[in-house]
Amino acid sequence: MERRVSVKVQRYASNGLPPRIEQYEVPQKEGMTILDALMFIKENLDGSLAFRASCRMGICGSCAMFVNGYPYLACHTQIHEIGKQELIIKPLPNFPVVKDLVVDLSSLFDRHRTVLPYLIRSEEPDDTRPIVQRPDELEAFLKFSYCIKCGICVSGCPTCASDPTFLGPQALAQAWRYSADNRDEGFAKRKESLDRPHGVWNCHLAGACSEACPKGVDPALGIQRLKRALIASYFGLFRKRKATLGPPVSWEAAPPEGAPRPPERTVTPEDTSLSGD
Amino acid sequence: MAIPLKARPVQNDLGIVGWGWAGRYGLERYLYTLHRLTGLGVLFYLVLHIFATSTRIFGEPAWKATMGFLHHPAFRFGEYLVFAGFVFHALNGVRLIFQELGYLLGKPTPPVFPYSYGLRDFRPVAFLVVVLAVVGAFVAFCDMFLV
Ligand code: HEM
Ligand code: SF4
Ligand code: FES
């Protein structure tokens with residue numbers, strides 16, 4: 001007999017009517033993800049269903065939703081992982097609902113921007129002197145750089161639940177991702193956005209962010225490291241080893257003997273539309 | 001029904017209810033809530049305590065009346081709850097002091113599936129806090145009500 005899964009979706013059309021639950025029966029194929037089930041519904045049962053997805057491979061962060069009492073990336077979670085023949089899918093908590101399962105993530109991106117999430121250097125970069133990064137220096141921030149801005153951590157955080165202006169685990173973890181990078185010199189600048197009301201000190205280590213993060217980012221760890229660095233900085237104890245510059249490289253010089261060469265150019269920018277504009 | 005032209009997204013914040021439940025999360029998220037509740041509970045007790053003892057300035061009869069009133073079993077049980085809450089709060093507070101400074105959380109490891117995270121790697125610490133708090137609450141219970 002064909003295996004079927006019953007999918008209950010919270011529908012909301014932002015027309016002033018309260019949200020309601022709608023039920024669909026979906027034939028369950030092996031390896032079927034939650035996103036596959038939603039696509040099936042949209043293509044075969046109800047074209048008016050709204051959800052957001054793009055990469056369908058856990059990279060774009062579009063498809064986070066609340067399934068049977070836990071936040072998941074719909075594309076990254078197979079139905080059999082849920083272990084139930086009934087899925088109850090709701091929009092991600094702690095974000096405003098635009099329609100059905102589509103939430104407005106702009107508050108996430110706004111908070112992300114305030115922590116200056118990019119490398120800040122005190123001097124103009126020198127193209128000919130690459131910055132040396134040892135493996136341990138890479139590992140200090142690598143984990144945190146895997147964030148795909150899906151918002152799942154914010155949906156689990158109890159502080160975010162009652163304080164929408166709290167920077168939240170996503171932004172705070174990114175503040176540490178850049179501050180922990182040996183190439184970065186922007187901690188003093190970033191401090192202003194962190195050390196303020198609704199900033200880093202509103203984290204009380206509930207840990208839901210790290211538990212639910214689908215990319216293994218561990219925001220809670222980054223945030224506690226951030227607190228330690230801030231406290232150290234009050235006593236003038238936050239020091240970073242100044243990043244060392246490698247030997248000068250010349251972009252014109254031929255690569256050393258035996259080094260792998262890039263493939264020959266087959267088209268030039270001039271003769272294709274690749275030249276831009 | 002006419003659909004408003006400028007339909008707005010609906011607010012979906014969990015609010016204070018979200019302190020209690022936001023999904024099937026593990027131990028530490030509940031310790032967050034319990035730490036807050038016990039902190040506020042002990043603070044409430046402190047205010048009550050100052051208020052009750054201050055009746056002494058109205059002379060002995062007022063003081064005796066207050067003490068008599070506070071001998072009610074309900075207040076005794078309340079006192080027990082405050083103590084048990086304080087034991088948990090203090091023990092968990094020590095854990096938080098370490099972990100919120102980034103200790104007892106491990107190092108950032110490369111994100112290799114299946115992922116783990118600092119708090120889970122050090123969950124035995126949180127378990128220890130819970131066990132010690134339960135033992136403390138049990139001993140206090142025996143001491144106050146049984147012996
Ligand atoms: C040994 C004694 C105590 C220790 C080690 C301790 C530790 C802590 C720590 C570390 C926090 C911060 C938690 C966080 O930010 O995540 C905290 C919060 C708090 N404490 Fe205590 N505490 C103790 C006694 C008390 C007492 C006696 C009171 C009340 C008079 C109290 C009331 C509070 C309150 C109201 C909070 C705020 C809770 C929150 O924002 O969630 N604490 N405590
Ligand atoms: S930290 Fe994890 S849960 Fe939070 S937005 Fe980034 S990928 Fe999503
Ligand atoms: S569709 Fe891109 S993360 Fe799921």
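Author: The contact between the chains, where contact means heavy atoms within 4.5 Å, takes 53 residues from chain A and 44 residues from chain B. This is a predicted model, in which local features need pLDDT of at least 70 and side-chain atom pairs count only at pLDDT 80 or more, while totals for chains, interfaces and linings use all residues. Residues are numbered from 1 along each chain as its sequence is written, chains are lettered from A and ligands numbered from 1 in the order in which they are written, and side-chain values use heavy atoms, with hydrogens and water left out.

Between them, chain B and chain A bury about 4,000 Å², of which 58% is on carbon and sulfur atoms; buried area here is the accessible area (1.4 Å probe) that two parts lose on being put together, summed over both. One salt bridge is found across this interface, the term standing for a side-chain nitrogen of Lys or Arg within 4 Å of a carboxyl oxygen of Asp or Glu. Its partners are Lys227(A) and Glu100(B), whose side chains meet at 2.9 Å, N to O. The interface of chain B and chain A also has 21 residue pairs in polar contact, both residues being at pLDDT 80 or more. A polar contact is a pair of N or O atoms within 3.5 Å; within protein, one must be able to donate a hydrogen and the other to accept it, and residues adjacent in sequence count only if both atoms are side-chain atoms.

On the side of chain B that touches chain A, at least two residues each come from helix H1 (17-20), helix H2 (27-54), helix H4 (73-99) and helix H5 (118-121) of chain B. Helices (H or I, at least four residues) and strands (E, at least two) are DSSP runs, numbered from the N terminus. H2(B) gives the most to this side, with four residues. By residue class, the side of chain B that touches chain A divides into 23 nonpolar, twelve polar and nine charged residues, where Ala, Val, Leu, Ile, Met, Phe, Trp, Tyr, Cys and Pro count as nonpolar, Asp, Glu, Lys and Arg as charged, and the others, Gly among them, as polar.

Ligand 1 is surrounded by 14 residues, the closest being His204(A), His35(B), Arg36(B), His89(B) and Glu100(B); a residue is near a molecule or strand if one of its heavy atoms lies within 4 Å of it. Because the residues around ligand 1 come from chains A and B, the site is shared between chains. A polar side-chain atom of His89(B) lies 2.8 Å from a nitrogen atom of ligand 1, and a polar side-chain atom of His35(B) lies 3.3 Å from a nitrogen atom of the ligand. In the side chain of Arg36(B), an N or O atom is 2.7 Å from an oxygen atom of ligand 1. H2 and H4 of chain B are the elements that give two or more residues to the shell around ligand 1, and the residues of that shell divide into seven nonpolar, five polar and two charged.

In the loop between H4 and H5 of chain B sits Pro114(B), which is joined to Phe113(B) by a cis peptide bond with omega about -10°.

Turning to chain A, the fold has ten helices and seven strands, and 49% of its 277 residues count as buried; buried means under 20% relative accessible area, exposed over 50%, and partly exposed in between (1.4 Å probe, protein chains only). Pro71(A), in strand E4 (residues 70-73) of chain A, is buried, with a relative accessible area of 2%. Leaving aside neighbours within four places in sequence, Pro71(A) is in contact with residues including Leu92(A), Ile152(A), Ala212(A) and, from the other chain, Tyr25(B). Pro71(A) and Gly156(A), though 85 residues apart in sequence, are 7.8 Å apart in space, C-alpha to C-alpha.

Lys149(A), in the loop between H4 and helix H5 (152-156) of chain A, has a positive phi of about 55° although it is not a glycine. With 25% relative accessibility, Lys149(A) counts as partly exposed.
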